[in-house]
Amino acid sequence: MARKQADDPIYALHHSLEPIILEVTTKVLKLRCFQKSRQHFNWDFVNDIGVINLLRKQYFARGKIAVVFESYQSSRLDRYSHRYESLFALLVITIVGSVVSGVLLEHYKDFKPQITKWLKSRKEEASIFGVLPEGDDLFLEALSKKGRVPLLDKFCSSKAEEVLQDLDLLIKCNIARQMFDDRLIDVLEYQTLVRRFLLKSKDTDKSLLAKFEEHQAHYSTLENAIDRNKVFLAIDGYARGILRDRLESVGVEFHVPHNTDTADVFRGIPAAPGAAKGIAHVFGQPRPNTTDPLVLVVDSIMFTPEHVDLLWESVAVVTSDSGVTGHIPLICRGSLRPCVILRAEQLSQIRNGDRIAVGGQQGIVVLGLLVE
């Protein structure tokens with residue numbers, strides 16, 4: 001079956017990368033804040049009910065979350081019930097697609113033969129989703145239009161800044177919905193807040209805004225609060241890690257510094273290349289009082305997606321009880337952070353606040369002596 005000329009190059013590009021996009025999305029939806037969204041994603045996308053995919057097509061075509069919000073809510077029997085779980089799942093998969101396609105587009109100019117080879121090797125994987133392996137044509141099409149079609153910059157960007165702004169708007173609307181559920185505001189006040197956030201309406205009473213801001217501050221302290229920064233860090237780490245694993249085999253290079261083997265205190269398994277030095281921050285203990293960079297020391301059994309922000313605060317990671325395809329090494333490779341896997345008895349010898357250096361290329365962890 002010949003591939004049709006893409007009427008919507010954005011959707012065609014995302015769709016051609018669906019196997020990777022779905023793999024990353026499934027991991028990110030394991031964040032505690034997306035527990036309900038994960039359920040609706042499984043119902044509305046994986047089981048092919050198609051709600052999320054239809055909304056995604058509309059989002060790509062119009063580029064406005066307000067249009068998608070209204071379309072989705074107006075299709076419901078009670079248009080004021082405003083179920084947000086599917087909309088959050090929509091934005092997660094869209095941000096994932098933006099990052100994955102954006103990273104590939106950034107590397108495509110320098111590694112076109114390698115990426116083309118990789119795309120054409122994905123016949124078996126892609127055929128599951130009815131995707132033909134001519135994805136390189138879609139990349140050329142996207143690159144030729146990039147800069148001339150604004151929505152390409154929105155939906156095919158490794159930073160996904162504009163889609164993250166839409167996520168912020170949806171979070172605000174969801175907070176307003178929670179206020180209504182808790183009877184802190186009435187339905188008219190709720191609708192007023194939604195119009196303000198989505199349509200930039202100015203007819204909002206100052207006392208209502210003050211009430212919202214107070215509740216928003218409380219929301220940010222909740223364990224299941226959706227934090228756009230944590231969401232993006234998880235997406236970016238998983239996406240780059242998975243892409244790196246897939247593309248290294250065909251010669252695509254993700255530039256990272258290399259370690260100089262100057263000492264050998266603990267020798268473990270190299271899990272992500274590069275070299276870094278700093279102060280050890282042992283997971284579960286207070287953050288060391290230092291302005292030096294931090295190196296996270298964590299048993300992988302204790303690490304969950306909820307802790308990804310700790311990883312992002314660190315310049316390297318030392319872990320145990322993990323393989324090279326585990327969550328922590330995957331994120332480290334994707335975010336260009338060195339990582340070494342030690343045995344549990346080695347890891348236990350690293351104390352909070354120790355001066356430490358990590359050589360990810362050679363799998364070396366040094367205490368007290370820095371790797372230059």
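Accessible areas here come from the Shrake-Rupley method with a 1.4 Å probe. With that noted, I opened this predicted model and began with the chain as a whole.

**Entry 1: the whole chain**

I looked up the surface and found that the protein chain exposes about 17,400 Å². Carbon and sulfur atoms supply 51% of that area. Next I asked how much of the chain is covered: of its 372 residues, 54% count as buried. For secondary structure, I noted 17 helices and eight strands. I also checked how far along the sequence the contacts reach. Taking contacts between residues at least 6 apart in sequence, I found that 66% join residues at least 24 apart.

**Entry 2: α2 against α14**

I then picked a helix pair to follow. Helix α2 covers residues 18–28 and helix α14 covers residues 228–247. Their axes come within 10 Å and cross at roughly 140 degrees. Angles over 145 degrees would count as roughly antiparallel, so I wrote down α2 as oblique to α14. The crossing of the two helices is right-handed.

Which residues of α2 and α14 meet? From α2 I listed Ile-20, Glu-23, Val-24, Lys-27 and Val-28. Across from them, α14 brings Ala-234, Ile-235, Tyr-238, Ala-239, Ile-242, Leu-243 and Arg-246. I sorted the residues of this contact by type and got nine nonpolar, three charged and no polar.

**Entry 3: Val-308**

My next stop was Val-308, which sits in helix α15, residues 308–312. Is Val-308 buried or exposed? Its relative accessible area is 2% and the limit for buried is under 20%, so I marked Val-308 as buried. Leaving aside neighbours within four places in sequence, I found Val-308 in contact with Lys-230, Leu-233, Ala-234, Phe-303 and Ile-331. Ala-234 was already in my notes, as one of the α14 residues that meet α2. I also took one C-alpha separation here: Val-308 and His-327 are 19 residues apart along the chain, and their C-alpha atoms are separated by 10.0 Å.

**Entry 4: Ser-300**

Last, I went to the loop between β4 (294–299) and α15, where Ser-300 is placed. Ser-300 has a relative accessible area of 17%. Since buried means under 20%, Ser-300 goes into my buried column too. What does Ser-300 touch, not counting residues up to four places away in sequence? I listed Thr-319, Ser-320, Asp-321, Ser-322 and Ile-328.

Key: Residues are numbered from 1 along each chain as its sequence is written. This is a predicted model: local features need pLDDT of at least 70, side-chain atom pairs count only at pLDDT 80 or more; totals for chains, interfaces and linings use all residues. Side-chain values use heavy atoms; hydrogens and water are left out. Helices (H or I, at least four residues) and strands (E, at least two) are DSSP runs, numbered from the N terminus. Buried means under 20% relative accessible area, exposed over 50%, partly exposed in between (1.4 Å probe, protein chains only). Contact means heavy atoms within 4.5 Å. Axes are lines fitted to C-alpha atoms, for helices over the stretch in contact, and angles run from 0 to 180 degrees between N-to-C directions. Angles under 35 degrees count as roughly parallel, over 145 as roughly antiparallel, 65 to 115 as roughly perpendicular and the rest as oblique. A crossing is left-handed if the near helix is turned anticlockwise from the far one by less than a right angle, and right-handed if clockwise. Ala, Val, Leu, Ile, Met, Phe, Trp, Tyr, Cys and Pro count as nonpolar, Asp, Glu, Lys and Arg as charged, and the others, Gly among them, as polar.
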